[in-house]
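Here is a friendly walk through the strands of this protein and how they pair. Keep the 3D view open as you read.

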Amino acid sequence: MKQLFLIILLSFCIGNVQSQPVIPPQESYHELQTIESKIKGYADEMINGKHWFLRFQADSLFTRGFVRALKVSNSFYYPFDSITTVSKLYAPDSSFRIYTWQMMRDYTYYRQRGAIQMRTNDGSLKLFPLFDASSFTNAPNDSIRDTKNWIGAIYYKILMNMDGNKKVYTLLGFDENGPRSNKKWMDILTFDEDGIPHFGGDYFTFEPNPKDTTKDKKPIYRFNVEYKKEARMRFTFDKETNQIVFDHLISESDEPENLYTNVPDGSYEAFQWNNNHWEHISKLPTQSLGNGNFPMDNAILDDDGNVNQAKLEDMIKKNKVLQDEESQDDKKNPKKKKAQPQQLPLDMNQY
């Protein structure tokens with residue numbers, strides 16, 4: 001692990017030697033390792049603790065210890081490998097690192113925590129804490145937000161594009177949302193002239209919908225999808241096509257107003273960066289998908305957008321079988337832990 005730390009430090013310093021002095025990592029490595037060993041138990045307890053008050057207490061203790069670790073010189077380059085319940089992502093240009101995790105009181109209350117750590121030339125700490133304001137807005141997609149009213153998510157991917165001379169970072173994230181549905185988020189992160197981060201931006205364009213007669217439609221500044229808790233929904237970046245690809249959703253009970261009934265129908269949508277915007281593709285042709293990662297032979301909608309009722313009913317039956325199997329498993333294993341849904345997977349690419 002120490003050799004890995006040295007490699008990471010050198011990789012960030014090469015090419016930036018004149019502006020960023022190389023500080024020997026031995027001066028801070030041991031201190032960071034000691035703090036990490038003390039707080040990794042809190043990191044696990046804040047996610048998997050049996051009672052909500054134990055989880056909240058562990059979150060408080062972890063946050064204090066984590067900030068103490070980040071204050072150590074050159075902590076930006078330290079991997080924190082043993083803290084597996086926190087997402088730790090470097091920007092593609094290594095200008096910052098963003099940490100996100102999730103707190104759960106019960107299955108109706110989820111909150112995200114987070115912070116942005118900037119890379120500094122002298123190894124000192126420049127940190128922007130993130131405060132989740134999701135519960136205090138009915139229109140999370142309609143505004144640019146600062147760090148104090150962030151729309152929380154656990155981020156699993158960062159992309160970078162250019163808008164002229166301006167760097168535009170796109171964040172893909174996951175939110176357990178509530179007892180009946182999950183959300184996937186696609187947010188924009190930019191930094192102003194003073195280096196202050198802002199979330200959201202007018203970087204989304206959609207095809208005109210002939211059925212939509214609304215005039216002066218306001219732009220959205222971030223994008224999200226909400227879907228049934230038990231559904232498996234892909235929202236990821238395809239390197240081969242340079243597209244953000246995600247499942248097209250349909251209500252399994254013909255209740256489109258109830259987003260918790262949404263499930264994938266077998267077809268796919270996408271966003272393609274073009275003309276300094278993410279252009280929405282409402283239906284993705286099969287041949288445009290890299291590596292055949294997203295087969296469409298089970299699509300519920302035909303080319304005209306009509307529902308194949310037989311396939312829809314078959315999908316509902318399969319979902320019901322999966323739920324019944326999970327229910328039977330719970331009965332056979334009554335001691336099985338229930339407060340597990342927040343645990344971050346090791347393979348973040350599964351999203």
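## An antiparallel pair: β2 and β3

Isoleucine 98 sits opposite isoleucine 116 in β3. This model is predicted, and in it strand β2 (residues 96–106) and strand β3 (residues 109–118) run antiparallel, joined by ten bridges. Strands of a sheet pair through backbone hydrogen bonds, in either a parallel or an antiparallel way.

## The open sheet around them

If you zoom out, β2 and β3 belong to an open sheet of four strands, ordered β1-β2-β3-β4, with antiparallel pairing. At the edges you will find β1 (87–90) and β4 (127–131); each has a single partner strand, so one side of each is left without a neighbour in the sheet. From one strand to the next, the twist averages 15°.

A helix packs on this sheet as well: α3 (residues 52–70) touches β2, β3 and β4. The direction of α3 makes about 165° with that of β2.

## Strand β7 and its burial

Now turn to another strand, β7. How many of the eleven residues of β7 are buried? Eleven of the eleven, across residues 181–191, so β7 is largely enclosed by the rest of the structure. The cut-off behind "buried" is under 20% relative accessible area.

You can follow this along both faces of the strand. Ser181, Lys183, Trp185, Asp187, Leu189 and Phe191 point one way from β7. Asn182, Lys184, Met186, Ile188 and Thr190 point the other way, and the residues of both sets are all buried.

## Partners of β7

Which strands pair with β7? Among them is β6 (residues 166–175), which runs antiparallel to β7 and is joined to it by seven bridges. Within this pairing, tyrosine 169 has leucine 189 of β7 as its bridge partner. Strand β10 (residues 223–228) also runs antiparallel to β7, with six bridges between them; here lysine 184 is partnered by valine 225 in β10.

Strand β8 (residues 197–199) pairs with β7 too, in the antiparallel sense and over three bridges. For threonine 190, the bridge partner in β8 is histidine 198.

Key. Residues are numbered from 1 along each chain as its sequence is written. This is a predicted model: local features need pLDDT of at least 70, side-chain atom pairs count only at pLDDT 80 or more; totals for chains, interfaces and linings use all residues. Side-chain values use heavy atoms; hydrogens and water are left out. Buried means under 20% relative accessible area, exposed over 50%, partly exposed in between (1.4 Å probe, protein chains only). Helices (H or I, at least four residues) and strands (E, at least two) are DSSP runs, numbered from the N terminus. Two strands pair if DSSP finds at least two bridges between them. Axes are lines fitted to C-alpha atoms, for helices over the stretch in contact, and angles run from 0 to 180 degrees between N-to-C directions. Contact means heavy atoms within 4.5 Å.
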